[in-house]
Amino acid sequence: MKSNVIEYFMDLVRIDSESSCEKDMAVKLSADLKDLGIETIIDNANQNFTSNSGNLYGFLPGKIDKPPILFCAHMDTVTPGKGIKPIIKGNKIVSDGTTILGADDKSGIAEIMYALKELKEEGQDIAPVEVLFTVSEETGLQGAKYCDYSLIKSKLGYALDSHKIGSLTIGAPAQNNLKFTIHGKEAHAGVNPEDGVNAIKIAAEAIKDMPSGRIDQETTCNIGTIKGGNATNIVPNEVVIKAEVRSHNHAKLKEICDQMINVMNVKVALHKKNDFQASVDVVCEQAYKNFKLAENSPVVQIAKKAAKNLKLSDYVTIGGGGSDANIFNEKNISTAIAGSGMNEVHTVKEWILVDDLKQGVAWVKEIILEYSRN
Ligand SMILES: [Zn+2]
């Protein structure tokens, strides 16, 4: 490991690890964890999806007799994430503008690793710590979903995967994914269009009447992709629409999904020609459940106290996105999302402050010490 967290972070972002290609990261981090005296295991989560690596798990026994505490981050990045060339401009680290930076989520990884390194070098007596670096988070939380949970003993944890150091996201919505496959009837557009049933027209009528955008404070809905048709001279017989609904409220999530399905069924039923009736196949699947941690829960209080000890401006917030923390909470590991300093993620303008990387290390250290003290 490099002699400071900045250089270490720069090394990590130079290792390509777009989703499903995390192996080089897992190998590097596994070696670094072993240097810190931490045993590692790479699980077989990737037998359930396409990736060249499983999740990397590490366990540090610690000297204080307490259950372990978990720190997580994801090893994968979005695209374009190959050949990242990090550049330091004053207090800011950016990419060269042709790729993302990968601070999402390598800032979290670097901060966890460096906190453990410094605690070791300082000879601090701490409680046991578990680390989990997941794969394929950006492609549907797949590593977290298929993680080998028999390895994890912690009941509370932090997923470092958010913006401001000192901030905690303590709730996130559930998400359902919907897929509609509309079946119309093919016909020659010039010779006998009257025999056809146009699937694109049905899709347009349905979409027009479907809920969309922000529904209320806790619910959103988006029709994200539509595919159909082969040529202008064919009445199209199939359209596939994909949509998502998110809500912090389970009843509302179901209500909006039901509304969308109902609108679709009504519109499809209106289209028949002779003995042909248009139809639709509907798939509505839960991507992940929502979670909400109480403000007075230990996982929130410990991180707030640690932020206060360091004079960081701490605050708690409710998020609008899903992350590995949704899955961990589903598995009864009370997990808050902690800020690691990343900004403008999923864009080629992504950046992080040098000072924030250092403060992130200090915060993780202080959380471990605060947990160990009480
Ligand atoms: Zn992330």
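Modeller: Before we start, one term: two residues are in contact if their C-beta atoms, placed from the backbone, lie within 7 Å. Please also keep in mind that this is a predicted model.

Biologist: Thanks! Leaving aside neighbours within four places in sequence, which residues is Lys-82 in contact with?

Modeller: Lys-82 is found in the loop between strand 3 and strand 4. Once its neighbours within four places in sequence are set aside, the contacts of Lys-82 are Asp-16, Glu-18 and Thr-99.

Biologist: Which element holds Asp-105?

Modeller: Asp-105 is joined to Asp-104 by a cis peptide bond, with omega about 20°. The element in which Asp-105 is found is helix 3.

Biologist: Let's turn to helix 1 then. Which of its residues are buried?

Modeller: Helix 1 spans residues 5-14. Helix 3 (103-122) and helix 9 are included in what covers its buried residues. Those buried residues are Val-5, Tyr-8, Phe-9, Met-10, Leu-12 and Val-13.

Biologist: How are helix 1 and helix 3 placed: parallel, antiparallel, perpendicular or oblique?

Modeller: Two packed helices are described by the angle between their axes and the distance between the axes. For helix 1 and helix 3, the axes come within 9 Å and cross at roughly 135°. Roughly perpendicular ends at 115 degrees and roughly antiparallel needs over 145. The two helices are therefore oblique.

Biologist: By class, what residues make up the contact of helix 1 with helix 3?

Modeller: From helix 1 come Val-5, Tyr-8, Phe-9, Leu-12 and Val-13, and they meet Lys-106, Ser-107, Ile-109, Ala-110, Met-113 and Tyr-114 in helix 3. Sorted by class, this contact has 9 nonpolar, 1 polar and 1 charged residues.

Biologist: What is the handedness of the crossing of helix 7 and helix 9?

Modeller: Helix 7 (residues 298-309) packs with helix 9 (residues 354-373) at an angle of about 120°, and their axes are 8 Å apart. This pair is therefore oblique. The crossing of helix 7 and helix 9 is right-handed.

Biologist: How many charged residues are in the contact of helix 7 with helix 9?

Modeller: On the helix 7 side are Ile-302, Ala-303, Lys-305, Ala-306, Ala-307 and Asn-309, which meet Trp-363, Glu-366, Ile-367, Glu-370 and Tyr-371 in helix 9. By class, there are 7 nonpolar residues and 1 polar one, and the number of charged residues is 3.

Biologist: Is Asn-332 buried or exposed?

Modeller: Asn-332 lies in the loop between helix 8 (324-330) and strand 20 (334-339). Its phi is positive, about 65°, although Asn-332 is not a glycine. Asn-332 has 9 other C-beta atoms within 10 Å, so it is exposed.

Biologist: Where is Ser-20?

Modeller: Ser-20 also has a positive phi without being glycine, near 80°. With 18 C-beta neighbours inside 10 Å, Ser-20 is partly exposed. Its place is in the loop between helix 1 and helix 2 (23-35).

Biologist: Finally, the domains. What distance separates the centres of domain 1 and domain 2?

Modeller: Domain 1 takes in 5-172 + 290-373, while domain 2 covers 174-288. Where they touch, 7 residues of domain 1 are in contact with 6 residues of domain 2. The side of domain 1 that touches domain 2 has 2 nonpolar, 5 polar and no charged residues. Taken over C-alpha atoms, the separation of the two centres is 38 Å.

How values were computed. Residues numbered from 1 in each chain as written. Predicted model: local features only at pLDDT ≥ 70, side-chain atom pairs only at ≥ 80, totals over all residues. Domains from an automatic or database assignment. Nonpolar A, V, L, I, M, F, W, Y, C, P; charged D, E, K, R; others polar. Axes fitted to C-alpha atoms, helices over the stretch in contact; angles between N-to-C directions. Helix = DSSP H or I, 4+ residues; strand = E, 2+ residues; numbered from the N terminus. Parallel < 35°, antiparallel > 145°, perpendicular 65-115°, else oblique. Left-handed = near helix turned anticlockwise from the far one by under 90°. Buried ≥ 20, exposed ≤ 12 C-beta atoms within 10 Å, placed from the backbone.
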